[in-house]
Amino acid sequence: MTERPDRAPGAFFRSRAGVLLAVLLGLVLLVSGGIWTGTVRTAADDRPHARTVPAPRTESAGPGSVSADSASAGRWATSWATAPAGAEPGTASGGLADWSVRNVVHTSIGGTGARVTLSHLYGTTPLHVTHATLAVAADRESAAAVRGTVRRLTFAGRASVRVPPGGQVVSDAVALRVPADGNVLITTYAPTPSGPVTYHPRARQTSYLARGDHAGAVSGAAYTRKTPVWRYATALDVRGGGAQGTLAAFGDSLTDGVTATVDADRRWPDVLADRLRAAPDGPRYGVANLGISGNRILSDGTGDPADNPRGLTRYPRDVLDRSGVRAVVIALGINDVLRAPHVTDPERITAGLRELTRSAHARGLRVLGATLMPFHGHRGYRDDLEEVRQAVNAEIRAGGVFDEVVDFDRALRDPYHPKALHPHYDSGDHLHPSDAGYHRMAETVDLDALRGRAPAAL
């Protein structure tokens, strides 16, 4: 029997309808295969941290949205920073388990990409951060974020991170339009105890706490507890804004700004950042305030690691390893004179300052150094300590300690009573400046002196 042509093998698929149906069947198989491939789990998927965490969703529209290309352009520079100063009292056992910590920080420069540094310097067990975010603050009076700006932070591609005791971590970059001279929210949530919380106690900035995981919240409603300290967060770096580098302000309470108006950003490094932004041809630097109240060049605080570590110890971490640092202003030494054990040999103080300068020169950094400011009338004043201050200042002004001198003493002292601060610049304790005094300190810094590279040797 002769086989009919339309029944021959493959004949149907050679017809037009057959070709169309074959294409449709192929598409179905291809899509099914793709779906199946995306859901297959392997043994590697069950290993801890083996699975790649998807990148956090970034809103395609909104005040903080930028393209990925613009977020990755340019060099990193520090827009805000603080120095880890100690272990927070009362947190030794539980840390801040099951609390969201929303740090409010003030930027010096802006950018289109950002990353955050978290420190666990004073921790005794690992800090497990399961949710961390960065956002632009909605206003100065609350913990609310601008809608459309909340970005989940990742660490080496993962949405959570374990920070070892004594360590720090830097987040992956996120695309976010960070404003210059604006407030930004850095929020962390840790569900389990971590030991002592690493903090900076005199922030002069109101931050917030909320029970439970509210790291991703736009509203500030859950953040019912105000706090005057910064916790865990120690730096916000930006890029894509055209910054040329970072200026590090390294000092004690006079740099920390302990008598500046709270939430007004009137410390001298804040005012210096204003000057740098406004200068049409000045260096475009971000400013990192690395002052710690009570800090000394030569002596540590108590503890292991030491609270309030001496300047020579913390300098590499807080200054030399900072993102994009190009220049340093050093304003240290008055606490070595004023606080027990008093350093009464001025050469020991200037030798310590020279060591800081040499370390900066080894990295090609330019160093501006400040004279020690008056403190007559302060409860710790003594005539013999005043003689030490004067001797240190004479050596600084003579050269050979810093590349350039910033004469805070001459700028703020009372011309009719040179051992004391001018009343207009005195906060009232005869040691720390008023807001006007901090403004005068910032005006004393020569912006042109920040340019260029340091000499090879002092």
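The structure holds 24 salt bridges, a salt bridge being a side-chain nitrogen of Lys or Arg within 4 Å of a carboxyl oxygen of Asp or Glu. This is a predicted model, in which local features need pLDDT of at least 70, side-chain atom pairs count only at pLDDT 80 or more, and totals for chains, interfaces and linings use all residues. Residues are numbered from 1 along each chain as its sequence is written, and side-chain values use heavy atoms, with hydrogens and water left out.

| Salt bridge | Closest N and O atoms |
|---|---|
| Arg-140 and Asp-265 | 2.9 Å |
| Asp-265 and Arg-267 | 3.8 Å |
| Arg-410 and Asp-407 | 3.5 Å |

The salt bridge between Arg-140 and Asp-265 links distant parts of the chain, 125 residues apart. Arg-140 lies in the loop between β6 (131-136) and β7 (151-152), while Asp-265 lies in the loop between α4 (253-256) and α5 (268-278). Helices (H or I, at least four residues) and strands (E, at least two) are DSSP runs, numbered from the N terminus.

Burial is judged by relative accessible area: buried means under 20%, exposed over 50%, and partly exposed in between (1.4 Å probe, protein chains only). Arg-140 is partly exposed at 40%, whereas Asp-265 is buried at 8%. Arg-267, which also forms a salt bridge with Asp-265, is buried with a relative accessible area of 6%.

In the pair of Arg-410 and Asp-407, Asp-407 is buried, at 12% relative accessibility. Salt bridges with shared partners join Asp-407 and Arg-410 with Glu-386, Arg-389, Arg-397, Asp-409 and Arg-413 into one network.
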